[in-house]
Amino acid sequence: MTTELLARLQFALTITFHYLYPPLSIGLGVLLVAIEAAWLKTKNPLFHQMARFWTKVFALTFAIGVATGIVMEFEFGTNWATYSRYVGDVFGSALAAEGIFAFFLESGFLAVLLFGWDKVGPKLHFFATCMVALGAHFSAIWIVVANSWMQTPAGFHIVGDGLHARAEVTDFWAMVFNPSSMDRLTHTVVGAWQAGAWLMVSIGAWYLLKQKHREFACLSVKLGLTLSLIASVLTLATGDRSASGVARNQPAKFAALEGHWQTGPQAPLHVVGWVDAQTETTRGLALPGMLSWLAYGSAAHPVTGLRDIPRDERPPVNFTFQLFHLMVGIGFAMIGLALWASWALWRKTLENSRTLLWLLVISVLGPQIANQAGWWVAEVGRQPWIVYKLLRTSQGLSAVVQANQIVASMIMFTGVYLLLFAAFVFLLNEKIKHGPDETDLQPTGKLALGFKGGAA
Amino acid sequence: MNFGGLDLNTVWFVLVGVLFTGYVILDGFDLGVGVLHLFVARRDEERRVFLNAIGPVWDGNEVWLVTGGGALFAAFPAVYATVFSGFYLAFMLLLCALIFRAVAIEFRSKHPAQQWRCFWDRSFALGSFTSTLLIGVAMGNIAWGVPIDARGEFAGTFLGLLHPYALLMGVTTVTLFAMHGAIYLALKTEGELQARVRERINPLIIAFILSYVLLTLATLLYVPHVTEAFRREPWFFTLVVPVVLAIANIPREVNRGREFYAFLSSCAAMAGLMAIFGVGNYPYLVYSQPFPEHSLTAFNAASSPKTLGIMLTIALIGLPVVLAYSISIYWIFRGKVRIDKMSY
């Protein structure tokens, strides 16, 4: 294997494992804000119990998110040194802003969220929870802005040439609001909301199946499902916007998403299919004209085909195609499941339908797979570029890092991450088996102050 | 923008230094607690007290390193690229150690089995020790100089980074963090455990002073470019005075039972040490030897003035806010550790 492929695999491994956790923190963060707000408003102790339980789950996901995230902050420098020199002026500032505006906020107030229950009053605790959730969203903003700049660079100029060429900022706000950043940000954030929301639904549904903690489980399913429903519909809307952005800004990626070869109007949309890049054909079930219509609002609008993209500027087509269709398929399935479960909840038949409850239990995998597939599409679909149309991935590598060093570090990370994942699943399972704490129905310490009907 | 004759590059040299100083002072005591974990805390209850002493704050403390890394990327991309790709294996080890340290804190007390706790106790201690040592070795190499070629790329080897001067800096860092951690623990513990922690402070101070004196001698003898700033501007030597006073003040405050002042003294000493390190190295961010002309400096490795200006605006908005709420959060968690059901 080449150094380039190894370096890409290493990044894929570390970022994929890392990205299991931040979406859960973002999604659960929103839900914790909702739970604590409901508790402050209604003083219903069930909300306090929920806040306590879901905070523990949140803490678990957050811990691994932080531990694996620190690798990401330095991996640009270790494996992509030439890229780092090239983009540091632009990309680095977004990353530094993430540190100052997001990470400090998140981890600072996390202390109050986790350990402040008996030390601060309910309002201050609520404020801390809001700050943690806000910090998680700020983090999403800056990192998606940075990545979007790699997809659709803007607000910069190239200074120097050859080895000394680099991108320098000319307009900071044009860099931040580059053509794809807002569409991709909204899509990423609602995808993250789904990850957290379906986790809550899933654990709640599990308790309902096992007929344990009924009140707690019903309320968790109800709350989780509300966010799931909203977020899954928003995922579709933002995904649509994001895709038409790709059609305009990254025609090669767009053509690869759909295995579209021949430029022309009436471009078809594939429901399923298989791409053969050798013969430049795509077989499968297709809806004629739908691609043109979805991307440009008119079936007569031409869509650029891959044959008009030079061979050395085409991404791996079938890989991008399949993962894109996996993501979209799961996206629609989540909307369907959210509608079905909401309807059952409204008709009060949810608790009796074991099939539906089982589906809800496994639903937690849906957004995780779709989020990962989506990011793989975004990154693989940009190939062979590391910064679109400016710098090839093969040009961005670290000049001094050898293949065997990458292999050694990959073996290390694989071992460490497998261990972490096993420990995470084990501890999450323990938490779920233990369930919500009955004593949490009675707030203690400062939280109990100003709490009518609370601890005497 | 102009700050009393300071140019933007120097301002960013100082700011990156401030971020790393923040990291050393704050995560320094977390790592120090980790180094002492197996030796000083023996029973399960005591180990829980140690973990909960840093529990609410270690995470925010580590962010100083992450933000320092981001700031280095933004302000001095060439340094970020050369150092992290050049020190590849060393950094992978550091990242691995930091991961273990982090999850060990979170996971250890979440399951009662003795083997589980024993495993994570060791991970916490070993992760903290390795991180501390590697941070010191990295700083030692930055001061000593590393081979840099004409393209600005690292031209040495992993084993070449482990020379005696760098290792001495590593040992000095371990003793410094252990001392700092012990003082922090004296502040957060009580009773018999506190008495045991207090006994460790003086030996650790002595160990630190010995290794620091050795390090300084080695610097004077073998690292002339670092001492040059002091020869050129002798008044920089006044920086040494507060450091010596601060360290001398630590045993005095500990004996009087004023752990908080001892801790502040320790923080001040570390800030002073970092300032001396910064003054000695300025303007070099990575000194190149044997070819000093290939060195990466605050000027030839920096981003454009426009970006440095934008980043300065971001820092001036962000850092005061960060400091304000960080101090408030430390205030909320002041006082001795109490184990409750949310504790580790």
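Modeller: Start with R85(A) and E153(B): their side chains meet in a salt bridge, 3.2 Å from N to O. Keep in mind that this is a predicted model.

Biologist: Okay, and how many salt bridges are there between chain B and chain A?
Modeller: The count between those two chains is one.

Biologist: How many residues does each chain put into the contact?
Modeller: Chain B gives 67 residues and chain A gives 76.

Biologist: And what area is buried between chain B and chain A?
Modeller: About 6,200 Å², with carbon and sulfur atoms giving 77% of that. The size of an interface is often given that way, as the accessible area lost when the parts come together.

Biologist: Let's switch to chain A by itself. How is chain A divided?
Modeller: Into two domains: domain 1 covers 1-179 + 393-456, and domain 2 covers 181-249 + 251-381. In the contact between them, domain 1 of chain A takes part with 40 residues and domain 2 of chain A with 34.

Biologist: What separates the centres of those two domains of chain A?
Modeller: The distance is 23 Å, taken over C-alpha atoms.

Biologist: How much area is buried between domain 1 and domain 2 of chain A?
Modeller: Around 3,300 Å² is buried there, and carbon and sulfur atoms give 71% of it. In domain 1 of chain A, Y19(A), L31(A) and W54(A) lose the most area to domain 2, together 18% of what that side buries.

Biologist: How many salt bridges cross between the two domains of chain A?
Modeller: The rule finds zero. It does find 14 residue pairs in polar contact across that interface, both residues at pLDDT 80 or more.

Biologist: Which elements of domain 1 of chain A give two or more residues to the side touching domain 2?
Modeller: In chain A, they are α1 (3-18), α2 (22-42), α3 (45-79), α5 (122-151) and α14 (403-434). The largest share, nine residues, comes from α2(A). By class, that side of domain 1 of chain A has 26 nonpolar, 11 polar and three charged residues.

Biologist: Tell me about α2(A), then. What span does it reach?
Modeller: With 21 residues, α2(A) reaches 30 Å from first C-alpha to last, close to the 30 Å expected at 1.5 Å a residue. After α2(A) comes K43(A), with a positive phi near 60°.

Biologist: And which residue follows α14(A)?
Modeller: That's G435(A), and its phi is positive too, near 75°. The helix α14(A) has 32 residues and spans 46 Å, close to the 46 Å expected.

Biologist: Back to salt bridges. How many does the structure hold over all chains?
Modeller: The total is 28. One of them joins the side chains of D312(A) and R392(A), at 3.5 Å from N to O.

Biologist: Where do D312(A) and R392(A) sit in the chain?
Modeller: D312(A) is in the loop between α10 (290-296) and α11 (317-346) of chain A, while R392(A) is in strand β6 (residues 391-392) of chain A. They are 80 residues apart, so the pair links distant parts of the chain.

Note on methods:
Residues numbered from 1 in each chain as written. Chains lettered and ligands numbered in written order. Predicted model: local features only at pLDDT ≥ 70, side-chain atom pairs only at ≥ 80, totals over all residues. Heavy atoms only, no water. Domains from an automatic or database assignment. Contact = heavy atoms within 4.5 Å. Buried area = accessible area lost by both parts, 1.4 Å probe. Salt bridge = Lys/Arg side-chain N within 4 Å of Asp/Glu carboxyl O. Polar contact = N/O pair within 3.5 Å; in protein donor to acceptor, adjacent residues only side chain to side chain. Helix = DSSP H or I, 4+ residues; strand = E, 2+ residues; numbered from the N terminus. Nonpolar A, V, L, I, M, F, W, Y, C, P; charged D, E, K, R; others polar. Expected span 1.5 Å × (residues − 1).
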